[in-house]
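Look at the sequence and the structure below before reading on. The paragraphs that follow go from confidence, to domains, to the contact between the chains, and then to some local details.

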Amino acid sequence: MSAVASTPSARSLRSWADDWLPRIVLSPTLAASLVFVYGFIIWTAYLSLTESRMMPSFDFAGLAQYARLFDNERWWTSAKNLGIFGTLFIGISVALGLLIAILLDQKIRAEGALRAIYLYPMALSFIVTGTAWKWILNPGLGLEKLVHDWGFPNFTFDWLVNSDMAIYTVVIAGVWQSSGFVMALFLAGLRGVDEEIIKAAQVDGATLPRIYWKIIIPSLRPVFFSVLLILSHIAIKSFDLVMALTAGGPGNASDVPAIFMYQFSFNRGQLGLGAAAAMMMLMTIVAVLVPLMYLETRSARNAR
Amino acid sequence: MHADAQRLSLGRVVLYALLVLFALYYLTPLYVVLTTSLKPMDEVRAGNLIALPQTWTIEAWIRAWNGACIGVDCSGLRPYFWNSVRMVVPAVLVSTFIGALNGYVLAHWRFRGSEILFTALLVGCFIPFQVVLLPMARLLGIFGLANTTAGLIFVHIVYGLAFTTLFFRNFYLSVPEELIKSARVDGAGFFLIFRKIVLPLSGPIFVVCIIWQFTQIWNDFLFGVAFNGGQAAPVTVALNNLVNTSTGVKEYNVDMAAAVIAALPTLFVYIVAGRYFVRGLTAGAVKG
């Protein structure tokens with residue numbers, strides 16, 4: 001080995017290889033990213049500015065598809081539903097996740113087993129979760145029947161087939177699936193809090209809830225930002241869960257943008273409109289994620 | 001310790017009660033799904049969600065695996081389950097291996113502009129995939145890969161690379177630079193250092209990355225339904241079609257058995273390697 005490396009020509013070959021191999025190794029991934037991420041986004045953006053219906057056309061049509069989108073009542077239903085779902089899903093998941101993390105951080109016996117139970121839904125596909133909850137919330141045979149059997153014959157629970165309430169069933173299932181994960185992120189953050197600060201505050205006579213409220217929770221700022229980042233990402237993309245649970249129904253009462261995009265693009269042959277909806281989703285993600293990432297890096301820097 | 005245990009006894013009881021209550025909240029759906037899948041259909045109709053089966057039967061499981069109708073095809077989930085296996089194994093291995101090499105470059109063989117390229121690559125972690133669905137569907141159609149497992153493998157590799165690269169790059173940053181430098185001084189080159197020094201240290205991150213990719217790809221529905229809704233569809237698509245088939249009498253016990261079958265591989269991974277699973281979730285989620 002060393003004999004080979006010491007001859008001059010071998011050495012220059014080696015240094016040439018060491019210069020270029022890293023670039024060569026990385027280039028297929030970069031090319032793929034350039035074409036399949038950046039190129040495809042540009043393609044979709046362009047498609048959204050054309051007259052495309054069943055087949056892509058390349059006749060420029062300006063913002064006509066966006067105008068059609070904003071005239072489409074179904075689009076506004078799905079945007080409103082995303083607002084409802086996003087707010088409740090994120091709010092409840094954060095509250096529940098943080099609460100469980102704090103409870104679990106009190107030197108609990110069997111912590112590992114409990115944590116495993118709280119987190120297992122995250123291993124499931126949203127389709128499985130949706131299927132399970134669709135059965136539990138079944139208006140005839142599910143929860144409603146159970147409460148009837150318990151002796152409350154007037155209890156009704158028909159959210160799954162009730163236009164006004166269907167989107168809330170998605171919240172129920174979404175929180176069940178994701179709150180354990182939020183718990184895990186907060187628990188990791190809590191484990192990083194300096195115990196000395198807590199002890200000092202206790203010596204000063206502060207009660208435990210007050211210490212949490214005033215000292216510990218504020219110190220978890222960076223974790224809050226990551227959690228919000230992840231959950232809003234999940235919320236904006238949410239597709240599988242709604243498909244499995246309500247398929248956007250009844251009618252289109254629980255449509256979300258991802259379902260709107262899918263159905264107009266793949267079932268109704270309205271490529272331009274689908275592309276415009278996809279671009280709106282991308283812009284929503286950028287609008288939500290960029291400020292959060294900015295705040296996250298800033299608060300992480302301040303924490304140091 | 002003693003004083004603590006006595007002083008807080010009431011508080012501790014409430015604490016444990018709450019924790020058990022939460023555990024029940026997460027476990028009840030699993031219990032309902034499992035018991036429903038083990039009941040005959042008349043019991044499903046007559047009984048209620050939390051009643052234990054009176055006659056235990058695996059009839060629904062057999063139908064879900066072998067006989068349930070998905071559209072006009074009554075062969076159960078079995079062919080689709082194997083579609084998913086054939087899809088997930090190559091997609092996970094290829095994307096993980098390429099990610100390892102990429103991460104090695106980005107952590108220890110930086111060149112001018114490599115950090116910017118890494119940032120540009122990370123964008124792939126954040127985009128909503130809806131924004132690439134239409135062009136990708138067209139491309140797969142042109143190359144005859146629509147409705148094939150090969151097409152889906154390709155898609156999962158392409159869109160998994162940003163994550164796998166991120167995993168390995170962040171892990172390899174913790175490998176001391178001196179280790180690489182001294183090996184280079186000794187005359188070892190790019191691949192030799194990777195094979196002899198870096199790879200032997202990479203066990204844990206390979207496990208984390210493989211588990212993450214496996215879970216993501218197995219559980220994917222969007223790519224599956226958009227690019228591969230037919231005979232070669234993955235199991236998540238088949239499950240959704242089975243559950244939402246509106247013809248015939250609804251067999252809820254079969255639906256539930258099918259849901260468990262579709263969930264078993266990822267649940268198994270979670271039970272066997274939960275520690276790594278959680279690490280992957282946090283690493284993949286926090287994104288550097």
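**Reading the model**

Chain A has an average pLDDT of 88, and 96% of its residues score at least 70. These are confidence scores, since the model is a predicted one. Within chain A, the element with the lowest mean pLDDT is helix α1 (residues 2–6), at 47, and the element with the highest is helix α4 (residues 73–104), at 95. The pLDDT is below 50 over residues 1–5 of chain A. Apart from near neighbours in sequence, this stretch has seven contacts in the model. Where pLDDT is low, the predicted coordinates should not be read in detail.

Chain B averages a pLDDT of 89, with 94% of the residues at 70 or above. Among its elements, helix α1 (residues 2–7) of chain B has the lowest mean, 50, and helix α5 (residues 78–108) of chain B has the highest, 96. For the model as a whole, ipTM is 0.90 and pTM is 0.90.

Next come the domains. In chain A, the domain assignment gives domain 1 (2–47) and domain 2 (67–303). The C-alpha centres of these two domains of chain A are 40 Å apart. Chain B is likewise divided, into domain 1 (2–57) and domain 2 (78–286). In chain B the C-alpha centres of domain 1 and domain 2 are 34 Å apart. Seven residues from domain 1 of chain B and seven residues from domain 2 of chain B make up the contact between them. On the domain 1 side, α2 (9–37) and α3 (41–46) of chain B each supply at least two residues. The most comes from α2(B), with four residues. Sorted by class, this side of domain 1 of chain B has four nonpolar, two polar and one charged residues.

Now consider the two chains together.

Two helix pairs give a view of how the chains meet. Two packed helices are described by the angle between their axes and the distance between the axes. In one pair, helix α5 (residues 111–119) of chain A meets α2(B): their axes come within 8 Å and cross at roughly 35°. This crossing of α5(A) and α2(B) is left-handed. From α5(A), the residues in contact are A:Leu114, A:Ile117 and A:Tyr118; from α2(B), they are B:Leu19, B:Phe22, B:Ala23, B:Tyr26 and B:Leu27. By class, this contact of α5(A) with α2(B) has eight nonpolar residues, no polar and no charged ones.

The other pair is α4(A) with α2(B), whose axes come within 10 Å and cross at roughly 135°. The two helices α4(A) and α2(B) are therefore oblique to each other. The crossing of α4(A) and α2(B) is left-handed. Here A:Ile100, A:Leu103 and A:Leu104 of α4(A) meet B:Leu15, B:Leu18, B:Leu19 and B:Phe22 of α2(B). The contact of α4(A) with α2(B) has seven nonpolar, no polar and no charged residues.

A helix pair inside chain B can be read in the same terms. Helix α8 (residues 149–172) and helix α11 (residues 203–219) of chain B pack at an angle of about 155°, and their axes are 10 Å apart. That angle makes α8(B) roughly antiparallel to α11(B). Their crossing is right-handed. Among the residues in this contact are B:Phe163 and B:Phe167 of α8(B) and B:Trp212 and B:Ile217 of α11(B). By class, the contact of α8(B) with α11(B) has nine nonpolar, five polar and no charged residues.

Finally, the backbone of chain A has two details to find. Most residues other than glycine have a negative phi, and most peptide bonds are trans. A:Ala110 is not a glycine but has a positive phi of about 60°. A:Ala110 sits in the loop between α4 and α5 of chain A. The peptide bond from A:Gly249 to A:Pro250 is cis, with omega near -5°. A:Pro250 is in the loop between α12 (240–245) and α13 (257–267) of chain A.

Methods
Residues are numbered from 1 along each chain as its sequence is written. Chains are lettered from A and ligands numbered from 1 in the order in which they are written. This is a predicted model: local features need pLDDT of at least 70, side-chain atom pairs count only at pLDDT 80 or more; totals for chains, interfaces and linings use all residues. Domain bounds come from an automatic or database domain assignment. Two residues are in contact if their C-beta atoms, placed from the backbone, lie within 7 Å. Ala, Val, Leu, Ile, Met, Phe, Trp, Tyr, Cys and Pro count as nonpolar, Asp, Glu, Lys and Arg as charged, and the others, Gly among them, as polar. pLDDT is the predictor's confidence in each residue, from 0 to 100. Axes are lines fitted to C-alpha atoms, for helices over the stretch in contact, and angles run from 0 to 180 degrees between N-to-C directions. Angles under 35 degrees count as roughly parallel, over 145 as roughly antiparallel, 65 to 115 as roughly perpendicular and the rest as oblique. A crossing is left-handed if the near helix is turned anticlockwise from the far one by less than a right angle, and right-handed if clockwise.
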